[in-house]
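Hi,

Here is the structure I said I would pass on. Have a look at it first, and my notes follow below.

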Amino acid sequence: MSIMERFDCHYCKDSLLGKKYIMKEDTQYCTKCYENLFANCCEGCSLAIGCDCKDMSYKDRHWHEKCFKCAKCSRSLVEKAFAAKDDLLLCTECYANDYSSKCTSCKKTVMPGARKMEYKGNSWHETCFLCHRCQQPIGTKSFIPKDNGYFCVPCFEKQFAYQCCACKKAITTGGVTYQDKPWHRECFLCISCKKQLPGQRFTSRENYPYCLECFSNLYAKKCVGCTKPITSLAGAKYISFEERQWHSECFSCVQCSVSLVGRGFLTQRDNILCTDCGREK
């Protein structure tokens, strides 16, 4: 710069030679003009934040360093953790006392940022949320509520769950009861063919469950006519005569095949005949 060149404030044109000035976007301003044009207004005292003050900012709001304080206890928040509530800045202690939840177990405040558990409107410190039986922290593991207590799954199964009479493991959901004994649905099987019985018609013999097909094949009487099982469990109608049985549709004359249901008949050795065929003999 030559001795004759001027160095003036861009706004008021006063000379800046030998004075303090501020550069903004490659343009120089005297401190007074800079403050009038660009200084932020303090949220605390409503005065401009001058060039000689530190500007504390949060979400487009500004404070003098001395005004950057907790709205409740007035402690400085400079270089400290704080929280915002309804446009007010609060130190973590004041925020926790007024707005943070209380631990259901120890009744102390759950501080902002602390790990916690929440369930049905209640809160716990992570280390206070304990299994009612083993007294170990449940943490992020699954749990089951029971009688105003909370249980980890292994403890719940040991204390409350029924044990399947087939596999001896705990039944937590979807069991069935048969003869006052609990079963997993997948364990309740036909004793003969091992087919699952839940949702199916079944019967029992000597306290063992059977599907209808296995029971019929094993224990039902056989039809003299077709040799297939006769079971009233399936709703079949049958005829009984001299310790022999026939399906109703199989009870017919051995010679002319006319149905003998509700009609008189004659016997010839092991055969049955209608009266007409019997007389012919």
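**What covers helix 2, and the rest**

Strand 5 (82–85) and strand 6 (88–91) are among the elements that cover the buried residues of helix 2. Those buried residues are Cys 94, Tyr 95 and Ala 96, in a helix that runs over residues 92–99. Before you read on, keep in mind that this is a predicted model.

The UniProt record, an unreviewed entry, places "domain: LIM zinc-binding" at residues 40–100, 101–162 and 221–281.

Now the chain as a whole. How many helices and strands does the protein chain have? The secondary structure comes to five helices and 22 strands. The radius of gyration is 47 Å, whereas the globule rule gives 19 Å for 281 residues, so the chain is more spread out than a compact globule. Along the principal axes, the C-alpha trace spans about 155 × 45 × 30 Å.

A few more totals for the protein chain:

- Of its 281 residues, 30% are buried.
- Among contacts with a separation of 6 or more, 11% are between residues 24 or more positions apart.
- The accessible surface is about 19,200 Å², and carbon and sulfur atoms account for 47% of that.
- There are 42 positive and 30 negative side chains, with the centres of the two sets 10 Å apart.

Next, helix 4, which covers residues 212–219. Which of its residues are buried? They are Leu 212, Cys 214, Phe 215 and Ser 216. Their cover includes strand 15 (202–205), strand 16 (208–211), strand 17 (221–222) and strand 18 (229–230).

Ala 220 sits in the loop between helix 4 and strand 17. Is this residue buried or exposed? Its relative accessible area is 11%, under the 20% cut-off, so Ala 220 counts as buried. Leaving aside neighbours within four places in sequence, Ala 220 is in contact with Phe 215, Pro 229, Ile 230 and Thr 231. Phe 215 is itself one of the buried residues of helix 4. As for Lys 108, it is 112 residues from Ala 220 in sequence, and their C-alpha atoms are 71 Å apart.

Then there are two backbone angles to look at. Most residues other than glycine have a negative phi. Lys 168 has a positive one, near 70 degrees. Lys 168 is in the loop between strand 11 (162–163) and strand 12 (170–171), and it is exposed, with a relative accessible area of 53%. Thr 227 also is not a glycine, and its phi is positive at about 70 degrees. The loop that holds Thr 227 runs between strand 17 and strand 18, and this residue is exposed, with a relative accessible area of 55%.

Two other loop residues are worth a look on your screen. Gly 121 lies in the loop between strand 7 (116–119) and strand 8 (122–125), and at 79% relative accessibility it counts as exposed. From Gly 121 to Lys 80 is 41 residues in sequence and 30 Å in space, C-alpha to C-alpha. Ser 257 is in the loop between strand 20 (244–247) and strand 21 (265–268). Ser 257 is exposed too, with a relative accessible area of 54%.

Last, Lys 24, which is found in strand 1 (residues 21–24). With 29% relative accessibility, Lys 24 counts as partly exposed. Not counting residues up to four places away in sequence, Lys 24 touches Tyr 29, Tyr 34 and Phe 38. Gly 149 is 125 residues from Lys 24 along the chain, and their C-alpha atoms are separated by 65 Å.

That is my list.

Cheers

Technical notes: Residues numbered from 1 in each chain as written. Predicted model: local features only at pLDDT ≥ 70, side-chain atom pairs only at ≥ 80, totals over all residues. Heavy atoms only, no water. UniProt positions renumbered as here; feature names shortened; annotations may be inferred. Helix = DSSP H or I, 4+ residues; strand = E, 2+ residues; numbered from the N terminus. Rg over C-alpha atoms; globule rule 2.2 N^0.38 Å. Buried < 20%, exposed > 50% of the residue type's maximum accessible area, 1.4 Å probe, protein only. Contact = heavy atoms within 4.5 Å. Areas by Shrake-Rupley, 256 points an atom, 1.4 Å probe, with all protein chains shown as cover. Lys, Arg positive; Asp, Glu negative; His and termini not counted. Charge placed at Lys NZ, Arg CZ, Asp CG, Glu CD.
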